[in-house]
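Subject: Structure for you to look at

Hello,

Here is the structure I said I would pass on. My notes on what was found in it follow below.

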Amino acid sequence: MSSYQKELEKYRDIDEDEILKTLSPEELEQLDCELQEMDPENMLLPAGLRQRDQTKKSPTGPLDREALLQYLEQQALEVKERDDLVPFTGEKKGKPYIQPKREIPAQEQITLEPELEEALAHATDAEMCDIAAILGMYTLMSNKQYYDAICSGEICNTEGISSVVQPDKYKPVPDEPPNPTNIEEMLKRVRSNDKDLEEVNLNNIQDIPIPMLSELCEAMKTNTYVRIFSLVATRSGDPIAHALADMLRENRSLQSLNIESNFISSTGLMAVLKAVRENATLTELRVDNQRQWPGDAVEMEMATVLEQCPSIVRFGYHFTQQGPRARAAQAMTRNNELRRQQKKR
């Protein structure tokens, strides 16, 4: 048995009750505080379970925030300021640092002509900045100053050599004015086959009723003077796409159709593409930026239509697949070459 175990043996038969009876009330209270299990580092517990309650003063009443702030402020004003260990006198100690002048070795000294020396001595900061840019010292200035000096034939830097990048001045761009087209008047002119009407532009008009657009497409079937029909950003969907397909099957004067930035799905685009095969006068078709991607089948159909319709020389769509993109590019090159040969004849 070790000495430590022998030391503990004498406490084995001690009667704890007899010891507690001999303790005073103050000693019992201190013992109770020592035996309380506290966890001061556990932030999830309330404050009463993280530290012992050492307050013996009875409550004075409910919390009065304004009175407490006034009391703290009064206490702070009554406390005397502590004197500085070393009083401030404003005396400057030590010597100011003076950078020593570096002597340029003889092999590094450059001698210029008197005219150049005089010109550099009287050059302004802007002129020195342009000279540094021309000599390729781009580390002495910002990127904007460097490229302005290189690309411009005149002295355009007014700030001198500085590596601080200055923000460009904001140039407000006015909003595009709304489309002033009167839809009802335009529908009447299309129905009456007005010879002075060659373009129907309804771009960015988003409150056109679907029945009115359908009537406009119906009127375009018999119109012989309109060459350009544009419905960009009009929130047109598949019903309008099918109406346009029916119009393309009968119209023989339309040359350009633009239906970009709409809500036409793959079904509507497929109907328009099938109708383009039956139209021999259409030279430009733009169907890009729809609400959803039309899919691989529609892109393959676009490439097939361009291959089978030599009249189309301009097509607006961003292909996502390499195969249809290559076929469409080759078909467009062939169609434009055929158009060039026809103009020569």
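Accessible areas here come from the Shrake-Rupley method with a 1.4 Å probe. On that basis the protein exposes about 26,600 Å², and carbon and sulfur atoms supply 52% of this area. Please keep in mind that this is a predicted model.

Overall make-up

The protein has 345 residues, of which 28% count as buried. Its secondary structure comes to 14 helices and five strands. Among contacts between residues at least 6 apart in sequence, 68% join residues at least 24 apart.

The sheet

The five strands form an open sheet with parallel pairing, in the order β1-β2-β3-β4-β5. At its edges are β1 (199–201) and β5 (314–316), each of which pairs on one side only. On average, neighbouring strands of the sheet are turned by 5° against each other, direction ignored. Strand β4 (residues 284–286) runs parallel to β5 and is joined to it by three bridges. For E284, the bridge partner in β5 is R314.

Helix α12

Helix α12 covers residues 266–276, and eight of its 11 residues are buried, so the rest of the structure largely encloses it. The buried residues are G268, L269, M270, A271, V272, L273, A275 and V276. What covers them includes α11 (238–250), β4 and α13 (296–308).

Aromatic residues

Two aromatic pairs were counted. In one of them, F315 and F319 are tilted, with 6.3 Å from centre to centre and 35° between the planes. In the other, the ring centres of Y317 and F319 lie 5.1 Å apart and the planes stand at 85°; planes over 60 degrees apart count as edge-to-face, so this pair is edge-to-face.

For F319 the relative accessible area is 7%.

A separate ring contact involves a charge: the charged end of R291 sits over the ring of F263, 4.8 Å from the ring centre.

Loops

S261 lies in the loop between β3 (256–258) and α12, and N289 in the loop between β4 and α13. With a relative accessibility of 26%, S261 counts as partly exposed. N289, at 48% relative accessibility, also counts as partly exposed.

One further loop residue is P40, found between α3 (25–35) and α4 (47–50). P40 has a relative accessibility of 53% and counts as exposed, because the term applies over 50%. P40 and R50 are 10 residues apart in sequence, while their C-alpha atoms are 4.3 Å apart in space.

Regards

Key. Residues are numbered from 1 along each chain as its sequence is written. This is a predicted model: local features need pLDDT of at least 70, side-chain atom pairs count only at pLDDT 80 or more; totals for chains, interfaces and linings use all residues. Side-chain values use heavy atoms; hydrogens and water are left out. Two strands pair if DSSP finds at least two bridges between them. Helices (H or I, at least four residues) and strands (E, at least two) are DSSP runs, numbered from the N terminus. Axes are lines fitted to C-alpha atoms, for helices over the stretch in contact, and angles run from 0 to 180 degrees between N-to-C directions. Buried means under 20% relative accessible area, exposed over 50%, partly exposed in between (1.4 Å probe, protein chains only). Contact means heavy atoms within 4.5 Å. Rings of Phe, Tyr and Trp (its six-membered ring) pair if their centres lie within 6.5 Å; planes under 30 degrees apart count as stacked, over 60 as edge-to-face and the rest as tilted. A charge sits over a ring if NZ of Lys or CZ of Arg is within 6 Å of the ring centre and within 35 degrees of the ring normal.
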